[in-house]
Amino acid sequence: MQAGLGHIFIVDDDPINRALLTKNLEHDGHRATAVENGFAALAALETDPPDVVLLDIVMPGLDGIEVLERMKADENLRHVPVIMISGVDDAESIVRCIESGADDFLPKPFDPVILRARIGAGLNRKRLRDLDQERVRNVFTRFLPEPIAAEMMARSDGEPAIKAVRLWATVMFVDLRGFTAVAESQPVERVIGVLGRYQGTMGDAVLDHGGTLVDYLGDGLMAVFGAPIESIDHADRGVAAARDMASDRLADFNAWVRADGIAEGFGMGIGLNSGRVMSGTLGSDRRFDYAVIGDTVNTAARIESLTKELGHPVLMSASTLELATAPPDDLVYVDEVTVRGRRAPTRLWGLADPASTPYASVEGSRAT
């Protein structure tokens, strides 16, 4: 990989060395910033993180090794390439630098050719790291809202994996009604287009209410609220998302369907259930998926299947109502049923008017 230009940060107590390094780097087209001691370096690194650091070992006060150790302990700086520089032929100090996380070593006086090569290698490492982080970010934002994706990246140290945890959450299953009959009479390209529009519309509703998209299931989807990062208002968010999907989002989708001459419109069934779930990524290095498993998930799927039978587009278990921090005042009791796979009967509630719940934003309360 050919190295490009970058921001190089110089930390050296010798003004001649700072001037010489700055001149060489700026001549090559880099942006160079230079400070004279370790304390100034740490302050500047917080405000303007560079692409590569040239760090002198021997300095009065906070020396280069201490600065290096503090950088590697800071999650925002630990991945910045550090090249140690020193005029002292001290093998023990060099070994200590490498053990502390230094990427390279540059002896004084500087050879411009070697300096250029090591700066280029450092920039390449930084850019490869940035590309990898962008790839991971893209993976997370496929199913997580942006704020939660950023928090997950920080928690996972930039790795594309979500640690398995057991937490309280609200699970949602969604199914589009009447689609199969219409799909049989339409060209395959048009069917895929309708599904894409529907999944995008309802998937956005999940993300906009702070939920996590677990999977698209043909003409339906599975989502969870309160995972992979636990939140105290997961049930509220799930109910708000269901109301939004069954009212405004479905109305907009059906208006598009009618305008395009595809059908008169579709119905939708949504099932919600709250309780303990297990959450994390499953799979291999080549392919992995985010998964939410447990009895809470199975029950949510079966509640969704009851929406057509019981005549309510949105059904939720009593546990969702009980775990909501601000239960809607327009819920209606529907029935007590024995859900397949459960011994005890489950009380089900529905939304009388799916359009009346206030919007719940992603920036709402979250457990710490």
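In the predicted model, helix 10 (residues 295-310) comprises 16 residues, which at 1.5 Å a residue should span 22 Å; the C-alpha atoms at its ends lie 22 Å apart, in agreement with that expectation. Several positions of helix 10 are buried, namely Thr-296, Val-297, Thr-299, Ala-300, Ile-303, Glu-304, Leu-306 and Thr-307. Just after helix 10, a positive phi of about 75° is adopted by Gly-311.

At the level of the whole chain, the secondary structure amounts to 11 helices and 13 strands. The chain has 368 residues, of which 50% count as buried. When contacts between residues at least 6 apart in sequence are considered, 68% of them join residues at least 24 apart.

Two packed helices are described by the angle between their axes and the distance between the axes. The axes of helix 8 and helix 9 come within 10 Å and cross at roughly 150°. An angle over 145 degrees counts as roughly antiparallel, and helix 8 and helix 9 are therefore assigned to that class. The crossing of helix 8 past helix 9 is right-handed. On the side of helix 8, the contact is made by Gly-193, Val-194, Arg-197, Tyr-198, Thr-201, Met-202, Asp-204, Ala-205, Val-206 and Asp-208. Helix 9 contributes Ala-241, Asp-244, Met-245, Arg-249, Leu-250, Phe-253 and Trp-256.

Electrostatic pairing was considered next. Side chains of opposite charge can pair when their charged atoms come close. The structure holds 17 salt bridges. One of these is formed by Arg-249 and Asp-208, whose closest N and O atoms are 2.9 Å apart. Asp-208, by contrast, has a relative accessible area of 31% and is partly exposed.

A salt bridge also joins the side chains of Arg-237 and Asp-233, with an N to O distance of 3.1 Å. Arg-237 and Asp-233 are both buried. In a further pair, the side chains of Arg-347 and Glu-322 meet at 3.5 Å, N to O. Salt bridges with shared partners additionally join Asp-12, Asp-56 and Lys-108 into one network.

Ser-279 is situated in strand 9 (residues 267-283). With a relative accessibility of 3%, Ser-279 counts as buried. Apart from neighbours within four places in sequence, the residues in contact with Ser-279 are Lys-163, Ala-164, Val-165, Ala-227, Pro-228, Tyr-290, Ala-291 and Val-292.

Notes
Residues numbered from 1 in each chain as written. Predicted model: local features only at pLDDT ≥ 70, side-chain atom pairs only at ≥ 80, totals over all residues. Heavy atoms only, no water. Helix = DSSP H or I, 4+ residues; strand = E, 2+ residues; numbered from the N terminus. Expected span 1.5 Å × (residues − 1). Buried < 20%, exposed > 50% of the residue type's maximum accessible area, 1.4 Å probe, protein only. Salt bridge = Lys/Arg side-chain N within 4 Å of Asp/Glu carboxyl O. Axes fitted to C-alpha atoms, helices over the stretch in contact; angles between N-to-C directions. Parallel < 35°, antiparallel > 145°, perpendicular 65-115°, else oblique. Left-handed = near helix turned anticlockwise from the far one by under 90°. Contact = heavy atoms within 4.5 Å.
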